[in-house]
Amino acid sequence: MSVDASRDSDTPVPGPLSHLTVLDLSRILAGPWTTQILADLGARVIKVESLTGDDTRRWGPPFLTREADDDGVEASDAAYFTCCNRNKESVCVDFSRPEGAELVRKLARSADILVENFKVGGLKKYGLDYASLRKENPRLVYCSITGFGQTGPYASRAGYDFLIQGMGGLMSITGQPETETQRAEPLKTGVAITDEFTGMYAATSILAAIASREQTGEGQHIDCSLFDCQVAMLANQGSNWLVGKRTPKPMGNNHPNLVPYRAYPVQDGHVIIACGNDRQFRSLCDVLELTAVARDPRFLTNADRVDNRDLLEDRLEDRLAHFSRERIISLLEAAGVPCGPINTIPEVFDDPQVIARDMVVPMKRSDGYEIPTVAYPAKFSATPAAYRSAPPHLGANTRALLQDELHMDKSTIEALIQSGVIA
């Protein structure tokens with residue numbers, strides 16, 4: 001079992017990014033996913049929110065709830081918000097106001113990284129665009145996350161994950177295949193995977209820019225778009241078209257380049273079997289007592305099996321129908337054939353492997369809420385991810401940050417609150 005020193009020690013090991021400060025002007029998912037990655041690895045992340053907060057605080061149910069306060073208002077954040085805002089400080093600033101924009105500029109002067117996901121040019125009128133901030137902080141690594149990028153004919157368009165999944169080709173290869181009698185409805189994935197992968201590309205790019213800064217002393221602007229990331233994520237399907245001029249189509253759970261590699265019906269549900277090489281295929285045939293199939297020249301190599309997919313799949317399905325899910329998984333695991341169940345989300349979090357890997361991190365917010373979160377997935381031997389603070393309530397750190405970082409006195413802070421510049 002891997003041990004996470006940051007959770008088992010009273011003196012957590014400083015994260016590898018603990019020397020960096022991130023100013024997070026992003027909201028929804030792609031940007032916050034980026035900054036949570038940086039935060040888990042030790043960076044200080046200051047999340048700048050509007051006075052009404054990140055949109056995802058209201059994207060529910062389910063919500064975190066508590067009894068109504070003295071004014072009869074129930075304080076609540078959506079569960080959605082908690083998935084990507086751990087280890088952050090929340091500061092509420094209305095930077096559409098000159099006083100608010102100046103506060104953000106002051107924070108940017110000492111920041112190492114700024115992440116934003118406004119429309120192209122949307123921050124220029126506030127003096128918060130890269131060109132403006134670079135004049136005061138040339139070491140700043142500034143990452144802009146948009147739907148379609150800073151250039152090109154679609155640059156001014158808004159982009160949401162669902163839209164990009166469609167435009168970027170993912171939905172054209174997801175779902176059940178069409179038949180002669182039924183046209184299949186295009187399907188998106190069950191999570192906003194384009195947002196999440198854009199966040200990962202953005203975080204990787206930011207760290208590359210920080211590495212470059214160590215050599216040059218200069219920051220830079222990173223233009224990261226959902227559309228570009230989705231096109232990059234087409235991976236083998238994109239190459240199948242570029243190299244072979246084969247237009248990928250929805251194939252259900254089939255793999256375009258591997259057979260057998262799909263979910264198969266068994267007596268009490270389905271089991272996934274994923275043969276990545278010829279040895280695994282022969283082992284599968286041994287378990288299913290299909291020796292003749294393993295030796296059949298039509299199925300000897302993966303290329304043969306792809307060419308004769310339907311014929312082989314029928315034979316495998318006939319044999320697998322005699323097994324229960326538990327029995328066939330047990331036999332295949334013993335034979336070294338990759339396989340597994342299709343778990344529900346509750347089953348995932350009850351899985352002994354998930355429990356052994358400490359993939360659920362319970363956290364308590366400053367106002368007493370218990371918030372279970374999902375751990376950073378990579379395990380570091382020396383500088384593990386740290387879980388310092390739960391996803392914050394709106395404006396949790398506004399006063400302290402302005403007082404401690406910008407050295408503002410309490411009367412000035414109170415005046416800004418009364419005028420609606422901060423909350």
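Me: What share of the contacts with a separation of 6 or more comes from residues 24 or more positions apart?
Reply: In the protein, 69% of them. Contact here means heavy atoms within 4.5 Å.

Me: What kind of model is this?
Reply: This is a predicted model, where local features need pLDDT of at least 70, side-chain atom pairs count only at pLDDT 80 or more, and totals for chains, interfaces and linings use all residues. Residues are numbered from 1 along each chain as its sequence is written, and side-chain values use heavy atoms, with hydrogens and water left out.

Me: What is the average pLDDT?
Reply: The average is 94, and 95% of the residues score at least 70. pLDDT is the predictor's confidence in each residue, from 0 to 100.

Me: Where does pLDDT stay under 50?
Reply: Over residues 1-6. Where pLDDT is low, the predicted coordinates should not be read in detail.

Me: New topic. How many aromatic pairs are there?
Reply: The structure holds 7. Rings of Phe, Tyr and Trp (its six-membered ring) pair if their centres lie within 6.5 Å; planes under 30 degrees apart count as stacked, over 60 as edge-to-face and the rest as tilted.

Me: Why is the pair of Phe148 and Tyr154 edge-to-face?
Reply: Because their planes stand at 80 degrees, with the ring centres 5.5 Å apart.

Me: Is Phe148 buried or exposed?
Reply: Phe148 is buried, at 6% relative accessible area, whereas Tyr154 is partly exposed at 31%. Buried means under 20% relative accessible area, exposed over 50%, partly exposed in between (1.4 Å probe, protein chains only).

Me: Which residues do ring pairs link into a cluster?
Reply: Phe95, Phe118 and Tyr126.
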